Amino acid sequence: MCCASFGKCSGASSGLAVVRSHGLGRRTEIYCSKKNSMMDSEGSAPTNSKEYLSNDITATSGKHYLCGYCAAFTNIAVTFPIQKVLFRQQLYGLKTKDAVHQLQKDGIRNLYRGILPPLMQKTTTLALMFGLYEDFSSLLLSHTSAPELLTRSMAAVLAGTTEAILTPFERVQTLLQDYKHHDKFTNTYQAFKVLKVYGMREYYRGLVPILLRNGPSNALFFGLRGPIKQCLPEATSYSAHLVNDFICGGLLGAMLGFLFFPVNVVKTRMQAQIGGEFQSFSKVFVKIWLERDRKLIHLFRGAHLNYHRSVLSWGIINATYEFLLKLL
């Protein structure tokens with residue numbers, strides 16, 4: 001990610017700070033200009049400047065939340081059937097054609113079964129991902145003197161950790177997509193109601209792999225987004241920018257999806273269970289490793305489909321996010 005310069009004004013002249021978001025990862029630029037008038041009462045100008053800065057930051061931050069939400073909605077509507085095939089492969093170790101055959105047997109009526117939880121979870125998650133990253137970045141940059149790369153990486157990790165609050169939606173999505181639970185509940189409300197019997201902890205089954213995935217993947221996404229786009233041919237039109245943003249997001253999504261694929265396999269196995277022992281991440285990982293003949297290639301079964309899905313999914317997310325950010 002292109003690192004931004006965060007300057008501070010000092011001296012007798014008052015500072016008028018103008019904060020603006022631009023393109024990738026939000027480059028924060030602060031310009032300081034002298035005001036030769038309206039200095040009748042001491043301290044009044046700095047107060048007005050601070051109020052302006054606060055209002056501008058709030059408005060700018062709101063854009064990131066909204067754009068992230070809309071980008072996620074677009075992505076889920078397009079890629080949900082592909083995600084469902086991938087889910088079956090992660091959970092049962094099926095080949096692609098076998099997973100597709102399962103969905104065909106389920107029928108068109110069940111194709112979008114379970115879409116409400118990811119729609120609610122992903123839209124909120126991506127709104128938090130982009131919005132909180134900007135908020136945490138601004139907060140840390142203004143209150144710490146650490147190197148900006150470290151500061152923004154920490155902001156990304158904090159945003160990813162906060163996203164884990166929405167684990168119950170990911171949990172219910174897993175249950176609704178597993179055909180073994182089709183006879184237990186038919187919609188999101190019923191799934192939440194069934195889990196309620198087991199207590200609040202049951203909603204957060206699989207939290208550890210989600211935390212292991214969210215923080216590091218966020219740091220890599222926001223850290224590499226800028227440098228990757230800089231390597232692409234220079235865009236001279238809106239359509240060219242859209243293509244570059246799609247390629248940038250798609251490449252990052254595919255890379256991160258492949259890198260954290262085993263973590264998601266463990267997460268899916270943990271969340272497919274209702275009630276019973278809460279097994280540790282390492283215990284579930286070893287169990288899956290033994291079931292799949294201790295072969296790494298079997299652990300990544302479905303990764304090729306996840307790669308193509310991630311290219312499409314994160315390409316849509318990044319391109320839609322940047323496009324809407326320019327419009328607002």
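Student: What makes Leu-66, Leu-242, Phe-323, Leu-327 and Leu-328 a nonpolar patch on the surface?

Tutor: The model is a predicted one. A patch of this kind takes residues with over 30% relative accessible area and no salt bridge, and joins nonpolar side chains within 5 Å. Leu-66, Leu-242, Phe-323, Leu-327 and Leu-328 form such a patch, and together they have about 470 Å² of accessible area. Phe-323, a residue of helix α13 (residues 303-327), has a relative accessible area of 39%.

Student: Why is Phe-323 called partly exposed?

Tutor: Buried means under 20% and exposed means over 50%, with partly exposed in between. Phe-323 has 39%, so the term partly exposed applies.

Student: How do you know that the buried residues of helix α6 lie on the same side?

Tutor: In α6 (residues 188-196), the buried residues are Thr-188, Ala-191 and Leu-195. They cover an arc of only 65° around the axis, and therefore they are on the same side of α6. Tyr-189, Lys-193 and Lys-196 are exposed on the other side of α6.

Student: Against which helices do the buried residues of α6 pack?

Tutor: Their partners are α3 (116-143), α5 (167-177) and α7 (200-203).

Student: What makes Asn-187 a cap of α6?

Tutor: A side-chain oxygen of Asn-187 lies 3.2 Å from the backbone nitrogen of Tyr-189. The limit for a polar contact between N or O atoms is 3.5 Å. With its 3.2 Å distance, Asn-187 caps the N-terminal end of α6.

Student: What arc do the buried residues of α2 cover?

Tutor: Helix α2 (residues 96-106) has Ala-99, Gln-102 and Leu-103 as buried residues. Their arc around the axis is only 95°, which means that they are on the same side of α2. On the other side of α2, the exposed residues are Lys-97, Gln-104 and Lys-105. Just after α2, Gly-107 has a positive phi of about 95°.

Student: What makes the phi values of Asp-293 and Arg-294 worth noting?

Tutor: Most residues other than glycine have a negative phi. Asp-293 is not a glycine, yet its phi is positive, at about 60°. Arg-294, also a residue other than glycine, has a positive phi near 55°. Asp-293 is placed in the loop between α11 (281-291) and α12 (296-299), and Arg-294 lies in the loop between α11 and α12.

Student: Why does Arg-294 count as exposed?

Tutor: The criterion for exposed is over 50% relative accessible area. Arg-294 has 57% relative accessibility and therefore counts as exposed.

Student: Is Arg-225 buried or exposed, and what value decides it?

Tutor: Buried means under 20%. Arg-225 has 1% relative accessibility, so this residue counts as buried. Arg-225 belongs to helix α8, and its side chain makes a polar contact of 3.0 Å with the side chain of Asn-318.

Student: Why does Val-208 count as partly exposed?

Tutor: Val-208 has 45% relative accessibility, so it counts as partly exposed. Val-208 is in helix α8 (residues 207-231). The C-alpha atoms of Val-208 and Ser-280 are separated by 8.5 Å, although the two residues are 72 residues apart along the chain.

Student: Why is Ser-137 called buried?

Tutor: Ser-137 has a relative accessible area of 0%, so it is buried, given a cut-off of under 20%. Ser-137 is a residue of helix α3.

Student: With which residues is Ser-137 in contact, leaving aside its neighbours within four places in sequence?

Tutor: Ser-137 is in contact with Leu-132, Arg-152 and Ala-155. The side chains of Ser-137 and Arg-152 are joined by a polar contact of 3.5 Å.

Technical notes:
Residues numbered from 1 in each chain as written. Predicted model: local features only at pLDDT ≥ 70, side-chain atom pairs only at ≥ 80, totals over all residues. Heavy atoms only, no water. Patch = residues over 30% accessible without salt bridge, like charges linked within 9 Å, V, L, I, M, F, W, Y side chains within 5 Å. Areas by Shrake-Rupley, 256 points an atom, 1.4 Å probe, with all protein chains shown as cover. Salt bridge = Lys/Arg side-chain N within 4 Å of Asp/Glu carboxyl O. Helix = DSSP H or I, 4+ residues; strand = E, 2+ residues; numbered from the N terminus. Buried < 20%, exposed > 50% of the residue type's maximum accessible area, 1.4 Å probe, protein only. Arc of directions from axis to C-beta. Contact = heavy atoms within 4.5 Å. Polar contact = N/O pair within 3.5 Å; in protein donor to acceptor, adjacent residues only side chain to side chain.
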